[in-house]
Amino acid sequence: MKKGLFTAAAAVMGAAALFSFAGCGKGNGKITVSIGMWPDSTLTQDVAMFEEWERQFEADYPEYDIVADKYDYSADTIAAKATAKQLPTVFQTYFTEPQKLIERKWIVDITDEITELGWLDKMDANMRAAVSKDGRCYGVPRDGYGMGMFLNLAMLYDVGVIEKNADGSYKLHDEAGNPLYPTTFAEVREVSELIVESYESTYGLVVLSANMNGGWQFSNMAWNFGCDALQVEEGGKVTANLNDAGAVRALEWIRDMANDGLIYPDASLSYSDWYAKIGSKNVAMAFCGSDALMMPVTNFNFNKDDIAFVPMPTGDGESRYSLYGGTPYVFAGNATKEQVKGALLFLKYMGRSPETDALSINAVELGHKTAQAKGMPILPSIRPWVNEDYLTKVNALDEKYINVNTYYYKDFFDTIEDYKRSEEPYYCQDMYKLLDNALQSVISKPGTANCQALLDTANSQFQNNYLNKL
């Protein structure tokens, strides 16, 4: 992955800090389990929710002591935390990271513990593969996301792109069922031109280019402009392909949008900026993960009834992918088996397991109720577990609590299984950083940027500094 971990699920399952030790007890003879997802003290409703889970867990398992321990995962800080043995017992990361963490022994094998619980074969297959190596499992999924396009429906209606029904709801398809919203990058440009013509100091699209978030989004754009892969593996050798013709076309599209004043003119934007620009009505469209759609609402009071989330556009008329990733829970390399078992059981009390007993489903419902009390939009989501009894029960809760017009999300969720594509396999975050550099150049100097040369440079650096190490 790409982005900060404070996404849709993390708004309820965020992290906050009180202590910083993964394995030690507090001198009371109990087994300490430090939880890296504890909410910040300012999020009082979330804290109350976690405290209720803690109370229930410790009543049922008095041998354990649950401790809050803030850790917002960062590729830049993980080495120091792991070397000092200061990682929480359980913490969140990105699906691009477990292979590196496994190789360096910064997270621990939990196969025996989840097999004993009966969870191993209930995971989504793609998510399980992301946290496994050599047949052993090192994490469990929190949730998944697919990349798509966020639309400000009010703006698109104002400029005549979409229509309204008699009841005032937005109409996203014509009478034949064809989308009225943009489905190609050429149409995204056309809509952006309408937005710029109709609104003052407002842009069609926000394009990220910092903190590895730009490269993350750009990889999906490159695929959709016809790049088969940014990394090519043949005969045991992995070759960089960042300067593929499809990737060049994608970068040229961004350059031309920037040159014509159609994207927000800032070459230093990262993930929090997309929802800041959307929420402040500075842009009409943004690319983001399906797990973060509530962020403009919770942070900027954006009207949840003006949101649609649709599939990523195609650049060449044929290629259409949705970058598919998510957030796993992983466990500190120095955690004991008892601590791992306790941490896994606590995930059950959080409603983050495939269990379907009353305690587990009540925990899921408490999450919905807390979100509802905070005025958050409750949206469809991509499930981390695939056992039928789990899906039946959580889908029933969705029907009870979802508070948005699901028609505005239907095209995305109806196609995600066909469009989804996992992130590139090797040194992904490092690759994104190099692509950020190219994006910053074309956004800051679109009149002179040479897209082919920029991607040639990124490609050479990625091959020589990273892939040649494999």
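The legends below describe close-up views of one predicted model.

In this model, local features need pLDDT of at least 70 and side-chain atom pairs count only at pLDDT 80 or more, while totals for chains, interfaces and linings use all residues. Residues are numbered from 1 along each chain as its sequence is written, and side-chain values use heavy atoms, with hydrogens and water left out.

View 1. A volume is the space filled by probe spheres set on the points, which are joined across faces, edges and corners. The lining is made up of 30 residues, and Thr96, Gln99, Pro425, Tyr426 and Tyr427 are the closest to the pocket's centre. Two or more lining residues come from each of α4 (98–103), α6 (125–130), β14 (322–331) and α17 (428–444); helices (H or I, at least four residues) and strands (E, at least two) are DSSP runs, numbered from the N terminus. By class, the lining holds 13 nonpolar, six polar and 11 charged residues, with Ala, Val, Leu, Ile, Met, Phe, Trp, Tyr, Cys and Pro counted as nonpolar, Asp, Glu, Lys and Arg as charged, and the others, Gly among them, as polar.

**View 2. The aromatic pair of Phe57 and Tyr349.** The structure holds 29 aromatic pairs, a pair being rings of Phe, Tyr or Trp (its six-membered ring) whose centres lie within 6.5 Å, with planes under 30 degrees apart counted as stacked, over 60 as edge-to-face and the rest as tilted. Phe57 and Tyr349 pair edge-to-face, at 5.3 Å centre to centre and with 85 degrees between the planes. Because Phe57 belongs to helix α2 (residues 44–60) and Tyr349 to helix α13 (residues 337–349), the pair ties together parts that are 292 residues apart in sequence. Phe57 is buried at 0% relative accessibility, and Tyr349 is buried at 4% (buried means under 20% relative accessible area, exposed over 50%, partly exposed in between, with a 1.4 Å probe and protein chains only).

**View 3. Strand β2 and its partner β1.** All five residues of strand β2 (residues 64–68) are buried, so this strand is largely enclosed by the rest of the structure. Tyr64, Ile66 and Ala68 cover one side, and Asp65 and Val67 the other. Strand β1 (residues 31–35) runs parallel to β2 and is joined to it by five bridges, where two strands pair if DSSP finds at least two bridges between them. Ile35 stands opposite Ala68 in β2.

**View 4. The second largest cavity.** The structure holds two cavities of 30 Å³ or more, a cavity being a set of grid points where a 1.4 Å probe fits but cannot get out. Gly214, which is found in helix α9, is buried, with a relative accessible area of 1%.

Terms used. 1 Å grid on protein atoms, 1.4 Å probe; cavity = no way out; pocket = protein on both sides within 12 Å on 5 of 7 lines; lining within 4 Å.
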